[in-house]
Amino acid sequence: MSDDGALAALASGTRIGQFVSVGVVGFAFDIATSTALRELGVFPEVAAFVGIEVAVVVMFLLNDRVTFAEEGLGGLAPTLRRLAKSNVVRAGGIAVQLLVFTALYRGLALPLSVAGIDLWFVVSRAGGIGVGMIVNYVAESVFTWRVLD
């Protein structure tokens, strides 16, 4: 693939739109899981990490069936290999997400709660997710589904 074709594949508005749509579903799973765990007394960074992993699996399954459906081999073994690779590839995005979350949640530490729920936790999670999503889109496109090959 030429450099122009590779960049066009990476910058595909349709693919980015699908990735973001799947990300919204992942966001809902992440926030619901991490907030529930946090409200149950789980340490904030641990709750965030568990929420992230739940979202990673959900988003992988959706991206594999929708966003990148034409990429990769079918079948259980190739799908499991892509899921494992996705987790490894997303490690950078997960690290970025956790760093941004921690910087916001611990660094700014704004008192914001409604009905006893720590909304600053939710806002900080959303900030981390947004920044991590950019890293994940590029990494997943290039390494997991290899759209530039």
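A residue counts as buried when its relative accessible area is under 20%, as exposed when that area is over 50%, and as partly exposed in between (1.4 Å probe, protein chains only). By this definition, the buried residues of helix α4 are Pro78, Thr79, Arg82, Ser86 and Val89. The structure is a predicted model, in which local features need pLDDT of at least 70 and side-chain atom pairs count only at pLDDT 80 or more, while totals for chains, interfaces and linings use all residues. Residues are numbered from 1 along each chain as its sequence is written, and side-chain values use heavy atoms, with hydrogens and water left out.

**Overall architecture**

- The chain has six helices and two strands; helices (H or I, at least four residues) and strands (E, at least two) are DSSP runs, numbered from the N terminus.
- Read from the N terminus, the order of elements is α-α-α-α-α-β-β-α.
- Of the 149 residues of the chain, 37% count as buried.
- Among contacts (heavy atoms within 4.5 Å) with a separation of 6 or more, 74% join residues 24 or more positions apart.

**Helix α4**

- Helix α4 spans residues 76-89, 14 residues in total, and reaches 19 Å from its first C-alpha to its last, close to the 20 Å expected at 1.5 Å a residue; the expected span is 1.5 Å times one less than the number of residues.
- Seen down the axis of α4, the buried residues fall within an arc of 100°, so they line one face of the helix; the arc is that of the directions from the helix axis to the C-beta atoms.
- The buried residues of α4 pack against α3, α5 and α6.
- The face turned away from the buried side of α4 carries the exposed residues Leu76, Arg81 and Val88.

**Helix α5**

- Helix α5 (residues 91-108) has 18 residues and reaches 25 Å from its first C-alpha to its last, close to the expected 26 Å.
- Gly93, Ile94, Gln97, Leu98, Phe101 and Tyr105 are buried in α5.
- Seen down the axis of α5, these buried residues fall within an arc of 130°, so they line one face of the helix.
- An α-helix has 3.6 residues a turn, so residues three or four places apart point the same way.
- Leu99 and Gly107 are exposed on the other side of α5.
- The cover over the buried residues of α5 includes α2 (13-39), α3 (44-65), β2 (117-118) and α6 (119-144).

**Nonpolar core and its surroundings**

- A nonpolar core is a set of buried Ala, Val, Leu, Ile, Met, Phe, Trp, Tyr and Cys residues joined through side-chain atoms within 4.5 Å.
- The largest such core has 13 residues, of which Ile52, Ile94, Leu98, Phe101, Tyr105 and Phe121 touch the most other members.
- Helices α3, α5 and α6 each supply at least two residues of this core.
- Leaving aside neighbours within four places in sequence, Ile52 is in contact with Asp30, Ile94, Gln97, Leu98 and Arg125.
- Arg125 belongs to helix α6 and, at 0% relative accessibility, counts as buried.
- Not counting residues up to four places away in sequence, Arg125 touches Asp30, Ile31, Ser34, Ala48, Ile52, Gln97 and Phe101.

**Largest pocket**

- A pocket is found on a 1 Å grid over the protein atoms alone, as an open set of points where a 1.4 Å probe fits, with protein on both sides within 12 Å along at least five of seven lines; lining residues have an atom within 4 Å of a point.
- The largest pocket holds about 220 Å³ of space, the volume being the space filled by probe spheres set on the points, which are joined across faces, edges and corners.
- Its lining has 18 residues, of which Gly23, Phe27, Met59, Ile129 and Met133 lie nearest the centre.
- Helices α2, α3, α5 and α6 are the elements that give two or more residues to this lining, and the largest share, seven residues, comes from α2.

**Positive phi angles**

- Most residues other than glycine have a negative phi.
- Ala109 has a positive phi near 45°, lies in the loop between α5 and β1 (113-114), and is partly exposed at 46% relative accessibility.
- Ala115 has a positive phi near 55°, lies in the loop between β1 and β2, and is exposed at 77% relative accessibility.
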